[in-house]
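This report goes through one predicted model.

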Amino acid sequence: MTLAIEKVTALSEELPADETLVRASLAGDREAFGKLVRRHERGVRATCWSVLRDHHLACDSGQDAFVEAYRGLSGLKDRSAFGGWVMTIARRKALRALQSRRAEAALPEVRVPESAGSDEELMEAVARLPEQERVVVMLRFFDGREVGEVAVILGRPEGTVRKQLSRAYERMRGEMMREMTK
């Protein structure tokens with residue numbers, strides 16, 4: 001037990017404090033921010049997992065939290081509080097992802113009303129989607145693949161594929177509604 005405490009003490013003395021790493025990051029040192037990420041990634045991922053109970057979504061939310069933290073680093077007043085701050089961001093990201101996942105589960109299967117027009121109009125709406133969403137929609141609905149299969153084919157987490165499908169639904173739904181009201 002004493003040896004473990006000594007190792008932790010030695011390691012903490014070798015690594016710069018969060019405050020030092022935040023200051024270095026703000027000065028443009030990307031390696032310093034990488035050290036902050038490595039130091040806090042397990043806690044961030046655990047925080048996200050405790051909300052989501054999904055490894056892939058937790059990883060995505062954790063990554064989003066670090067991106068937001070990097071972008072907002074200059075707004076952090078107490079630079080020694082980086083760990084708690086990034087955990088708060090991670091929890092917020094995870095809660096948003098959970099909300100999004102629940103909303104996706106409640107979405108009905110996409111059906112195009114007959115008054116919406118032809119298959120050609122639907123294909124045009126799909127063609128106007130951003131590439132990542134278009135590929136996901138094509139694999140899911142035109143190839144008839146399950147979300148898990150699409151995720152494996154594209155090498156993306158299943159949560160990411162679900163999020164892209166949800167965004168694509170919203171874009172297409174909005175576009176089809178605009179067409180119907182013309």
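## Aromatic pairs

The model holds three aromatic pairs, where rings of Phe, Tyr and Trp (its six-membered ring) pair if their centres lie within 6.5 Å, and planes under 30 degrees apart count as stacked, over 60 as edge-to-face and the rest as tilted. Phe 33 and Phe 82 make an edge-to-face pair, with 6.1 Å from centre to centre and 85 degrees between the planes. Because Phe 33 lies in helix 3 (residues 30-52) and Phe 82 in helix 5 (residues 82-106), the pair ties together parts that are 49 residues apart in sequence. Helices (H or I, at least four residues) are DSSP runs, numbered from the N terminus.

One aromatic cluster is formed by Phe 33, Tyr 70, Phe 82 and Trp 85. Phe 33 counts as buried because its relative accessibility is 9%, and Phe 82 counts as buried at 0%. Buried means under 20% relative accessible area, exposed over 50% and partly exposed in between, with a 1.4 Å probe and protein chains only.

## Surroundings of Phe 33

Leaving aside neighbours within four places in sequence, Phe 33 is in contact (heavy atoms within 4.5 Å) with Ser 25, Phe 66, Ala 69, Tyr 70, Leu 73 and Phe 82. From C-alpha to C-alpha, Phe 33 and Ala 69 are 9.9 Å apart in space, and 36 residues apart in sequence.

Ser 25 belongs to helix 2 and, at 7% relative accessibility, counts as buried. Not counting residues up to four places away in sequence, Ser 25 touches Ala 32, Phe 33, Leu 36 and Leu 73.

## Nonpolar cores

A nonpolar core is a set of buried Ala, Val, Leu, Ile, Met, Phe, Trp, Tyr and Cys residues joined through side-chain atoms within 4.5 Å. The largest has 23 residues, and Phe 33, Val 44, Leu 52 and Phe 82 have the most contacts inside it. Helix 2, helix 3, helix 4 (55-72) and helix 5 each supply at least two residues of this core. Apart from it lies another core of 15 residues, including Ala 151, Tyr 169, Met 172 and Met 176.

Leu 52 is in contact with Leu 57, Ala 58, Ser 61, Ala 94, Ala 97, Leu 98 and Arg 101, again leaving aside neighbours within four places in sequence.

## Helix 8

Val 147, Val 150 and Ala 151 are buried in helix 8 (residues 147-154). They lie on the same side of helix 8 because they cover an arc of only 100 degrees around the axis, taken from the directions from the helix axis to the C-beta atoms. Helix 7 (131-142) and helix 9 (158-181) are among what covers these buried residues. Just after helix 8, Gly 155 has a positive phi of about 70 degrees.

## Confidence and conventions

The mean pLDDT (the predictor's confidence in each residue, from 0 to 100) of the chain is 81, and 82% of its residues reach 70 or more. Confidence is lowest in helix 1 (residues 2-14), at a mean of 52, and highest in helix 2 (residues 18-26), at 94. Over residues 8-12 the pLDDT is below 50, and this stretch has zero contacts in the model beyond near neighbours in sequence.

Residues are numbered from 1 along each chain as its sequence is written, and side-chain values use heavy atoms, with hydrogens and water left out. As the model is predicted, local features need pLDDT of at least 70 and side-chain atom pairs count only at pLDDT 80 or more, while totals for chains, interfaces and linings use all residues.
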